[in-house]
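Please look over the structure shown here before reading on. The report then goes through a few of its parts in turn.

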Amino acid sequence: MATTNSSKREPLTPTLAVDQTSSKGPSTLAVHGGRQRNPYQSVPEPVVQAATYAFENTADLTSFMEARLWGNAGGRTEYGRYGNPTISAVEKRLAQLDGAEDAILFASGMAAITSVLIAMLPTGANLVITDDCYRRTREFCNTFLKRLGISCTVVPMGDYDALESAIQPNTRLLLSESPTNPYLRTLDMVRFSEIAKKHKIKSIIDATFATPLNIQPLAYGVDLVVHSATKYLGGHNDLLAGVVTGEAGLIVSLRNALGVLGGVSDPSNAALLLRGLKTLALRVDKQNQNGQAIAEFLEGHPSIERVWYPGLPSHPDHEIAKGQMSGFGGVVSLTVKGDLEATSRFIDALQIPLIAASFGGVESLVEQPALMSFFELSTEERLGVGISDNLVRLSLGIEDAGDLIADLDQALAQI
Ligand SMILES: Cc1ncc(COP(=O)(O)O)c(C=O)c1O
């Protein structure tokens, strides 16, 4: 047996360089949240590009294995699917931003959603979701979960009686989004979490459109929050990632599930996310301002049929949003006065927003859902899910509002 000398080991847990209490403001947390002193004293968090980690000797290995059994391995790991220092750094920051005990990073928003649902729902269970949600989430619930013997009940967003009546004895989870895509319906977090608690079931919110800056679902009693970090959190349209935040016990069981399901992020992706997060508060503030200014401009424009933006008094959930959100985000949905072709003419005439899927990055993007996310559906099928030919989703970036308004104005003249 090899001779062992575990006294040679470096301390496994680095000393904290910054107070971890989350009494700090969101911009401070976005820059410093969870920061730990690193061995190189580098200001940016080091990118530990590793798939596996070595042990000095067998004693080192066995002391790690024992510590891990007791749940105190000090953040050290033996293999990349079970952990990575750069990923841990971004998880700590995201947890603090959401006011959560812990967070877990996934390869994409969909990896986060599918892993959470698989991990938390046993065969025979039921899940209740609200409509007007990300269509891939609905697709996963209605197809993949169904194959696993898990049923899914869809209720109209904003109908809290329907939500409560849908709960059956085997219902384990309530899942909703806020704001939703594309109509930016905003959930009453208080009512949602009260219904879940009354029936002793867990509640999950996909808060991708809101970010931790605009809403804090955990503070309203929601159990878990999911974000596609691909959008505002990364903020530069250069990475895919997803995160789940919440109580430590729930995150530990998700971490165990992730080790088996394997939808892990990677260290360079986590480093990009850390970099993006540092400007999150600045970006979201600008995007909130652009969202409000552009929604107001569009609502008064003669070529516009209707605008959906939670910051407008005309939005069905304006009062809820005003009470529970600190900003209304950078996505504005609208219908123009025109058919499919006229709508495309408007989009093609835009000079600043790029025609692309996604939202939340620094560049403004525009899409005509009938020709992008819902292209494979017939007009009738699209109308059945509330997507009309003249619907446009604008995702505002951080450009100057005046330039965006001038651009929209000249493009609307092309209808
Ligand atoms: C609300 C919402 N949740 C989840 C996702 C999935 O995220 P990702 O593309 O990172 O897998 C999206 C993607 O558009 C989304 O809009």
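In which hand does helix 3 pass helix 10? The crossing of helix 3 and helix 10 is left-handed, meaning that the near helix is turned anticlockwise from the far one by less than a right angle (clockwise would be right-handed).

## Basis of the report

This is a predicted model, in which local features need pLDDT of at least 70 and side-chain atom pairs count only at pLDDT 80 or more, while totals for chains, interfaces and linings use all residues. Residues are numbered from 1 along each chain as its sequence is written.

Helices (H or I, at least four residues) and strands (E, at least two) are DSSP runs, numbered from the N terminus.

## Helix 3 and helix 10

Two packed helices are described by the angle between their axes and the distance between the axes. Helix 3 (residues 85–97) and helix 10 (residues 267–277) pack at about 35°, and their axes are 8 Å apart. Here axes are lines fitted to C-alpha atoms, for helices over the stretch in contact, and angles run from 0 to 180 degrees between N-to-C directions.

Helix 3 contributes T86, I87, A89, V90 and R93 to the contact, and helix 10 contributes P267, A270, A271, L273, L274 and L277. Two residues are in contact if their C-beta atoms, placed from the backbone, lie within 7 Å. Nine residues of this contact are nonpolar, one is polar and one is charged. Ala, Val, Leu, Ile, Met, Phe, Trp, Tyr, Cys and Pro count as nonpolar, Asp, Glu, Lys and Arg as charged, and the others, Gly among them, as polar.

Helix 10 is largely enclosed by the rest of the structure, because eight of its eleven residues are buried. A residue is buried if 20 or more other C-beta atoms lie within 10 Å of its own, exposed if 12 or fewer, and partly exposed in between, with C-beta atoms placed from the backbone. The cover over the buried residues of helix 10 includes helix 1 (26–32), helix 3, strand 1 (102–106) and helix 11 (280–299).

## Helix 4

Helix 4 (residues 109–120) has twelve residues and should span 16 Å at 1.5 Å a residue; its end C-alpha atoms are 17 Å apart, which agrees. The expected span is 1.5 Å times one less than the number of residues.

Nine of the twelve residues of helix 4 are buried, so the rest of the structure largely encloses it. Among them are G109, I113 and M120.

## Around the ligand

The shell around the ligand includes S108, G109, M110, Y134, E177 and N181. A residue is near a molecule if its C-beta atom, placed from the backbone, lies within 6 Å of it. Three residues of the shell are nonpolar, seven polar and two charged.

## Strand 9

V332 is found in strand 9 (residues 331–336). V332 counts as buried because 30 other C-beta atoms lie within 10 Å. Residues touched by V332 include G291, Y309 and L396, leaving out those up to four places away in sequence.

## Backbone exceptions

Most residues other than glycine have a negative phi, and most peptide bonds are trans. A cis peptide bond joins S178 and P179, with omega about -15°. Another cis bond joins N181 and P182, with omega about 5°. P182 lies in the loop between strand 4 and helix 7.

Q41 is not a glycine, yet its phi is positive, about 60°. Q41 counts as exposed, because it has 8 C-beta neighbours inside 10 Å. T211 also has a positive phi, about 70°, and T211 counts as buried, with 27 C-beta neighbours inside 10 Å.
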